[in-house]
Amino acid sequence: MVNKPALFRLHFIVFLWGFTAILGKLIHANAQILVFYRMAFAAFFLFLFIRFFQGESLKISKKLFLQLSAIGGFMAFHWLCFFHSIKVSNVSIALSCLSLSTLFASILEPIIFKRKIDISEVVMGIVIVICMGLIFKTEFQYKEGIFFGILTAIFGTVFSVFNGKIFGKTSSGNIIFYEIFSGLLILSFFYLFTGQISQLHEISYRDLALILLLASIFTAFPMLESVQLMKYISPFTLILTVNLEPIYGIILAFFIFGESEQMSPVFYIASLIMILAIIANGVIKQRRNTATKKLEI
C-alpha cells in the first residue's frame, strides 16, 4: 500500500529541488560565488542539525573522509556547471540537460558495479541522444548553456554512482555533510589557486539572503528529508519521482520569468519524450525485478 503522507512529502521535496533553478536565476551573483556560499551555509546547517539536534557523532575514518571528499568534489563541480548553465542560457535548458544523467548512468553503472549492460537502457539512451540533438539544433543560441548542462549531467552521474558505492559505511547525514563540506574545501583551494577567491566578497545582501534560503530550505532540508523518506517508500519510487524535477522547474520558470523562458515547440516535445523515456524505463525495470522475485519464490 502506498504511504500517501510520505508520497506527498516526496513530491514536495522534488518541487523544492525544481525551485533551486529558479533561485539560481534570481540570484545575481555568478555561479562560482553562488555555489561557494550555498555549500558553506548548507554545511553549517547540516552540522548543527546532525550534531546538536540529532545528537549523532560526526566521527568517520580517514579513508572514508578521503572517499567522501572526492565525491564532494564532483558534487561541487556539478552545481557549478548547473548554475553557470542557467546564467548563460536559462532554467529550461539547464534542467532539460539533467535528463542526460540517466544516459551516462547506464554507461557508468555497469562498469563500476560490474554488471551487464541493460538493453532497455541502451534504447533509452538512443532516444535521449536523439532528443538532445533536436534541442541543440533548434536552440543553438544556447550552445554554451547546453555544453555546461551536459557537464552538469556528467558530474552529477559520477557523484550519484560513487555515492551508491559508499552508502551504508556511515549515516546518511554524515555522508551528505562531509560531501558538502569537502566540496566547499575543494572549491576554496580551487578559487585560491585561480585567483577567484577575491571575488567572494562581491555579493549583495539580497543575494546572500536568497542563497541562505537556497542552502537551508532548498538544499539541506530536502536532502535530509529524502533520507528519512527511504523508511517509508521504495528507492524505485524515489528515483522515479525525482525525474519530475525538470518538469516542475520548467513549468515554474515559464510562469515566473515569462518570455525569457519561452522555448520552441520542438524543445518541449523533445524534453517530454526524454522524461517519459526515463519513467518508462524505470517502470519496465521495476516490473522485471518483480517478475524475477516471483520466479525465485
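The following questions and answers examine how terms are applied to this predicted model.

The model is predicted, and local features need pLDDT of at least 70, side-chain atom pairs count only at pLDDT 80 or more, and totals for chains, interfaces and linings use all residues. Residues are numbered from 1 along each chain as its sequence is written, and side-chain values use heavy atoms, with hydrogens and water left out.

Q: What makes the contact of glutamate 225 with arginine 9 a salt bridge?
A: A salt bridge is a side-chain nitrogen of Lys or Arg within 4 Å of a carboxyl oxygen of Asp or Glu. The N to O distance between the side chains of arginine 9 and glutamate 225 is 2.6 Å, and the two meet in a salt bridge.

Q: Why is the pair of glutamate 225 and arginine 9 said to tie together parts that are apart in sequence?
A: Glutamate 225 lies in helix H9 (residues 205–229) and arginine 9 in helix H1 (residues 4–26), so the pair ties together parts that are 216 residues apart in sequence. Helices are DSSP runs (H or I, at least four residues), numbered from the N terminus.

Q: How many salt bridges does a search of the whole structure find?
A: The search of the whole structure finds three salt bridges. One of them joins lysine 25 to glutamate 261, the closest N and O atoms being 3.0 Å apart. This pair links distant parts of the chain, with lysine 25 in helix H1 and glutamate 261 in the loop between helix H11 (245–257) and H12, 236 residues apart. Arginine 206 forms a salt bridge with aspartate 207, where the closest N and O atoms are 2.9 Å apart.

Q: Why is the pair of phenylalanine 36 and tyrosine 37 given its name?
A: Rings of Phe, Tyr and Trp (its six-membered ring) pair if their centres lie within 6.5 Å; planes under 30 degrees apart count as stacked, over 60 as edge-to-face and the rest as tilted. The rings of phenylalanine 36 and tyrosine 37 have their centres 5.4 Å apart and their planes at 90 degrees, so the pair is edge-to-face. Both phenylalanine 36 and tyrosine 37 are buried.

Q: What makes phenylalanine 254 and phenylalanine 255 an aromatic pair?
A: Their rings are 5.6 Å apart centre to centre, with 85 degrees between the planes, and the pair is edge-to-face. Phenylalanine 254 is partly exposed, with a relative accessible area of 34%, while phenylalanine 255 counts as exposed at 67%.

Q: How many aromatic pairs does the structure hold, and which residues do ring pairs link into a cluster?
A: The structure holds 22 aromatic pairs. Phe36, Tyr37, Phe41, Phe74, Phe77, Phe155, Phe190 and Tyr191 are linked into a cluster by ring pairs.

Q: Where is lysine 114 found, and why is it called buried or exposed?
A: Lysine 114 is found in the loop between helix H5 (100–112) and helix H6 (119–138). Lysine 114 counts as exposed because its relative accessibility is 77%.

How values were computed
Helix = DSSP H or I, 4+ residues; strand = E, 2+ residues; numbered from the N terminus. Buried < 20%, exposed > 50% of the residue type's maximum accessible area, 1.4 Å probe, protein only.
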